[in-house]
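Subject: Handing over a structure

Dear colleague,

I am passing this structure on to you, and I would be glad if you could look through it before reading my notes.

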Amino acid sequence: MSHAARALLSRRRLLRNGMLATTGCFCTPWAIGKALGDAQSPQASIEGQSWTIGNELVKRVVVFEPKRGLLTQQFSHFPTHADFILPANIRMGMAQEFSFLCNDHNCAGTNAAFDLMGASEAALPNGKSLTVRLRHKELALEVSVVYCVYDGHPAIRKHLVMHNAGTAKLRISHLNIEALGVTLGPADETTLLTQYGTIPRETFYTGRSEDAGLLVTNGRTGSGIAVISEVPGYMKRTEIEGFYDQDHTHIGVMYDTDLMPFERSIAAGETFTTASVSLVAFRNGDGFNDPHWVLPSYAAKILERRVDTQGPPFIYNTWEPFHRNVNHDLVMELIDAAGSMGMEIFTIDDGWQQDYGENTVDLKAFPGGLQPILDAVEGKGMRLGLWIPLAAIGTSTEVYRSHPEWVAHDQEGKPKITGTAAGMKAVMCMASAYRDVAAARILDAIERFHLAYVKLDLTTVFNTYGEGPGCWANGHDHANWAESLNRIYEGISYVTGKVYAKHPEVLLDLTFELWGQKHIIDAGLLAAGDLDWMSNVSDRDRNSAGPLQARQLLYQRAATMPAESMLIGNMHAELPTIQEAFATVIGSAPVLLGDLRKLSAGDRAWYHEKIAWFRKLRRNTKISESFFQLGSWLQTTSTAWDGFARLAHSGSGMIALFRNKSTVQEAMVKLPLIPAGKYKVRSVITGKELGIFDNSDWARGIAIAFPNAEPVEILEVNRVNG
């Protein structure tokens with residue numbers, strides 16, 4: 001290597017790619033490629049076998065050439081004529097395709113470490129896939145690179161499948177699933193939105209756990225790529241570098257290497273499948289190519305397991321204000337109220353069981369068990385849901401007494417405990433045989449209590465409130481602490497997979513406490529479950545953070561994550577007003593709490609009418625196909641109005657507007673991206689027809705008055721034919 005090339009391997013460049021070892025001289029193949037490959041001829045033609053994966057919207061061409069390996073030769077978005085990668089403009093130092101460290105070997109798609117085994121295409125129910133199979137030249141390692149494309153979506157989804165074809169264990173670290181250099185335009189025109197795709201940041205950026213969706217865009221043309229990582233929770237890391245090359249932006253979607261360092265051993269004959277990564281093309285302001293249409297539709301139809309088919313049910317949950325103080329008489333009264341409101345699932349949260357980790361009912365609180373409760377719930381036309389802790393269990397339970405070796409250990413080698421509403425509990429390691437017992441317990445509860453919904457909760461990999469992450473125990477499925485981190489996430493997916501295999505109809509809710517971080521949602525969670533109890537917003541009186549903060553959470557995350565997967569607790573049905581509570585929860589997966597006994601007969605009838613209206617709307621109109629934030633959405637405040645619109649591709653849908661404590665009498669609603677046509681608008685609050693407006697009216701803005709003294713307005717928007 002020349003002195004000039006060595007100079008390029010700066011500490012800064014190595015650190016930003018997460019590949020600088022504390023000992024030895026290992027460094028990232030991206031940095032080496034930058035030093036060597038770019039000094040050669042990055043624009044030279046690439047010869048070898050090539051394959052194309054795409055649809056009517058997007059195309060990706062990958063090639064394999066023995067001397068260079070596997071790389072993406074073209075990535076194009078047809079509707080906007082945007083070519084993000086072209087053969088004549090490939091920056092080889094950024095074009096690794098993938099990279100990782102395996103048994104001290106630097107492995108990358110473009111470092112000529114692999115031979116081509118073959119390639120194949122396959123049909124998917126809603127698209128197709130391309131699999132390119134590689135074999136390492138020195139290691140007994142086979143890597144399949146899998147690309148998927150889906151009908152009607154401008155996205156390429158990719159993951160790796162690693163197979164140990166030998167007899168010795170392989171150890172993987174520094175795993176980069178997607179590594180590309182894309183052309184968006186000059187560096188001074190490139191912009192970056194982070195934190196679920198809503199917060200502007202500099203274009204030299206390391207994305208972490210909350211960066212589940214990043215938007216890299218040319219600010220002048222509006223063309224861009226959304227990067228959606230399915231790496232779970234704290235394991236997530238995304239590298240964006242738009243500073244140091246005037247024509248290319250480097251994108252690296254990977255597992256973390258420092259704060260939560262990823263390691264994974266692969267035993268002889270074992271296969272490890274990485275998380276998936278989606279690259280979604282868009283152009284701002286360009287009709288259905290705009291991310292307000294593209295990303296919610298893709299997230300709902302592809303990333304969600306099945307909620308999008310019919311929409312999420314209306315769920316009642318007992319947690320607030322009752323916490324663990326639930327009993328037969330109280331629950332029977334709440335069932336009567338919930339049934340008269342039109343709720344679909346009645347959930348008993350913590351307090352129904354004798355101890356965490358067992359399905360034995362607390363007979364002091366429920367003398368007849370849960371059968372009378374089940375009968376009453378189903379008699380009101382609802383289904384039962386239950387709260388179940390996954391890994392936090394009591395030390396008096398049979399599983400703990402029989403298998404104390406399955407408990408997670410802290411760094412000092414002591415059994416790991418966590419604080420709960422029922423006191424201190426043991427944390428079992430999900431990267432151990434405990435996961436089979438946990439799955440069996442959930443299945444038993446589903447079958448015994450005829451459950452439609454299960455809220456899986458409490459500490460697994462990382463305690464949301466500050467206890468140390470991972471497991472330091474020996475004898476589990478992880479070789480060390482670092483490997484325990486991702487293995488625990490794998491254990492969660494293992495459990496939900498076993499449940500779905502037997503009961504695919506049940507909705508599984510993986511809470512933010514289970515996933516390990518306040519307010520988190522990501523595509524990794526949605527790969528493992530249906531719903532995410534994303535937060536516990538305080539809503540105990542009229543001046544609580546309540547609906548305002550619930551909408552703050554929604555507006556930021558709905559840009560790239562499916563709104564209907566978000567359960568945002570703890571909205572009380574009776575506070576601050578029934579109108580604001582209802583209008584807030586229909587922006588996401590609707591969940592209501594509170595003391596329903598305080599609702600008058602008129603309030604319950606109001607809820608019944610409005611819930612029936614929304615269920616019919618959601619059944620007939622695919623409002624999951626978009627999400628538009630309105631008003632003061634980036635920072636919700638009591639002094640300004642905010643709102644949202646959820647529209648189908650037809651343009652029909654609904655709009656919710658919130659006056660808050662402002663003095664405004666009307667909201668100027670602008671929807672410049674609504675499809676061409678005429679729309680009849682009706683107030684759901686007053687029942688009055690407000691008029692017929694066309695798309696040009698929506699582009700200029702329509703003044704919507706808040707009715708009388710109401711704090712909210714809800715509009716039904718219906719396209720008018722002819």
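**What was found**

Strand β37 (residues 678–683) pairs with strand β38 (residues 689–694) in the antiparallel sense, over five bridges; two strands are taken to pair if DSSP finds at least two bridges between them, and helices (H or I, at least four residues) and strands (E, at least two) are DSSP runs, numbered from the N terminus. This is a predicted model, in which local features need pLDDT of at least 70 and side-chain atom pairs count only at pLDDT 80 or more, while totals for chains, interfaces and linings use all residues. Residues are numbered from 1 along each chain as its sequence is written, and side-chain values use heavy atoms, with hydrogens and water left out.

Within this pair of strands, Lys-680 stands opposite Ile-692 in β38. The two strands, β37 and β38, form a hairpin with five residues between them, and Gly-687 in the turn has a positive phi of about 80 degrees.

**Salt bridges and cysteines**

A search of the whole structure finds 46 salt bridges, a salt bridge being a side-chain nitrogen of Lys or Arg within 4 Å of a carboxyl oxygen of Asp or Glu. In one of them the side chains of Asp-642 and Arg-551 meet at 2.8 Å, N to O. This pair links distant parts of the chain, with Asp-642 in strand β34 (residues 642–647) and Arg-551 in helix α14 (residues 546–557), 91 residues apart. Asp-642 counts as buried at 0% relative accessibility, and Arg-551 is buried with a relative accessible area of 0%; here buried means under 20% relative accessible area, exposed means over 50%, and partly exposed is in between (1.4 Å probe, protein chains only).

Strand β34 also holds Arg-646, whose side chain meets that of Glu-564 in a salt bridge (2.7 Å, N to O). Glu-564 lies in the loop between α14 and β31 (566–569), 82 residues apart from Arg-646, and this pair too links distant parts of the chain. Arg-646 is buried, with a relative accessible area of 1%, and Glu-564 counts as buried at 3% relative accessibility.

What is the accessibility of Glu-412? Glu-412 is exposed, with a relative accessible area of 62%, and forms a salt bridge with Lys-414 in which the closest N and O atoms are 3.5 Å apart; Lys-414 counts as partly exposed at 47% relative accessibility. Elsewhere, Arg-208, Arg-237, Glu-239, Asp-256 and Asp-258 are linked in a network of salt bridges.

The search of the whole structure finds zero disulfides, a disulfide being a pair of cysteine sulfur atoms within 2.5 Å. Cys-107 is in no disulfide, and the nearest cysteine sulfur, that of Cys-102, is 5.3 Å away. Cys-107 counts as buried at 0% relative accessibility.

**A covered helix**

Helix α15 (residues 578–585) is mostly covered, as eight of its eight residues are buried. These buried residues pack against α14, β32 (591–592), α16 (601–620), β34, β35 (653–658) and β40 (712–720), where contact means heavy atoms within 4.5 Å.

**Pocket and cavities**

The largest pocket has a volume of about 670 Å³. Of the 27 residues that line this pocket, the closest to its centre are Thr-273, Thr-274, Ala-275, Glu-490 and Ser-493. The elements that give two or more residues to its lining are β20 (271–273), α4 (291–303), α11 (481–502) and α13 (523–528), and the largest share, six residues, comes from α11.

The structure also holds five cavities of 30 Å³ or more, and about 80 Å³ of space lies in the largest cavity. The largest cavity is lined by 13 residues, of which Pro-296, Pro-562, Ala-563, Ser-624 and Ser-626 lie nearest its centre. On a 1 Å grid over the protein atoms alone, a cavity is a set of points where a 1.4 Å probe fits but cannot get out, and a pocket is an open set with protein on both sides within 12 Å along at least five of seven lines, lining residues having an atom within 4 Å of a point. Grid points are joined across faces, edges and corners, and a volume is the space filled by probe spheres set on the points.

**Backbone**

The peptide bond from Glu-320 to Pro-321 is cis, with omega near 10 degrees, and Pro-321 is found in helix α6 (residues 319–322).

With best wishes
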